[in-house]
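This report covers a single protein chain. It treats the helices, the core and the disulfide in turn.

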Amino acid sequence: MPRACASSPSAAARRSSTCEELALGRREADSVPKTLRGSKDLSPAQISRASLFAAEVSKELAAEMRSRRCKA
């Protein structure tokens with residue numbers, strides 16, 4: 001049984017977003033690992049999990065952009 005990822009952007013939210021908004025979200029998700037490395041308040045495990053989550057969000061947004069033929 002496939003599992004649903006409750007914290008990733010919903011399909012409806014992605015469909016209602018413009019190409020510009022998708023690109024902005026992808027840039028933000030791509031910048032998360034670099035930003036988190038400078039944080040002193042998070043454990044290495046938290047940084048790792050957040051980086052993995054951001055990579056997954058970026059991948060989903062990129063797929064949506066490709067399906068709409070948005071410019072990167």
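## Helix 3

The buried residues of helix 3 are Ile47, Ser51, Ala54, Val57, Ser58, Leu61, Ala62, Glu64 and Met65; buried means under 20% relative accessible area, exposed over 50% and partly exposed in between, with a 1.4 Å probe and protein chains only. An α-helix has 3.6 residues a turn, so residues three or four places apart point the same way.

The model is predicted: local features need pLDDT of at least 70, side-chain atom pairs count only at pLDDT 80 or more, and totals for chains, interfaces and linings use all residues. Residues are numbered from 1 along each chain as its sequence is written, and side-chain values use heavy atoms, with hydrogens and water left out.

The 25 residues of helix 3 should span 36 Å at 1.5 Å a residue, and the end C-alpha atoms are 36 Å apart, which agrees. The expected span of a helix is 1.5 Å times one less than its number of residues. Just after helix 3, Arg69 has a positive phi of about 60°.

## Chain overview

The chain has three helices and zero strands, and its elements run α-α-α from the N terminus on. Helices (H or I, at least four residues) and strands (E, at least two) are DSSP runs, numbered from the N terminus.

Of the chain's 72 residues, 25% count as buried. The accessible surface of the chain is about 5,600 Å², with 56% belonging to carbon and sulfur atoms; areas come from the Shrake-Rupley method with a 1.4 Å probe, and for residues only the protein chains shown count as cover. Among contacts (heavy atoms within 4.5 Å) between residues at least 6 apart in sequence, 74% join residues at least 24 apart.

## Nonpolar core

Seven residues make up the largest nonpolar core: Leu22, Ala23, Ala29, Val57, Leu61, Met65 and Cys70. Such a core is a set of buried Ala, Val, Leu, Ile, Met, Phe, Trp, Tyr and Cys residues joined through side-chain atoms within 4.5 Å. Helix 2 and helix 3 each supply at least two residues of this core.

## Disulfide

A search of the whole structure finds one disulfide, defined as a pair of cysteine sulfur atoms within 2.5 Å. The disulfide joins Cys19 to Cys70, with an S to S distance of 1.9 Å. This pair links distant parts of the chain, 51 residues apart: Cys19 lies in helix 2 (residues 19–37) and Cys70 in the segment after helix 3 (44–68).

The torsion about the S-S bond of Cys19 and Cys70 is about -65°, so the disulfide is left-handed. Cys19 counts as partly exposed at 31% relative accessibility, whereas Cys70 counts as buried at 15%.
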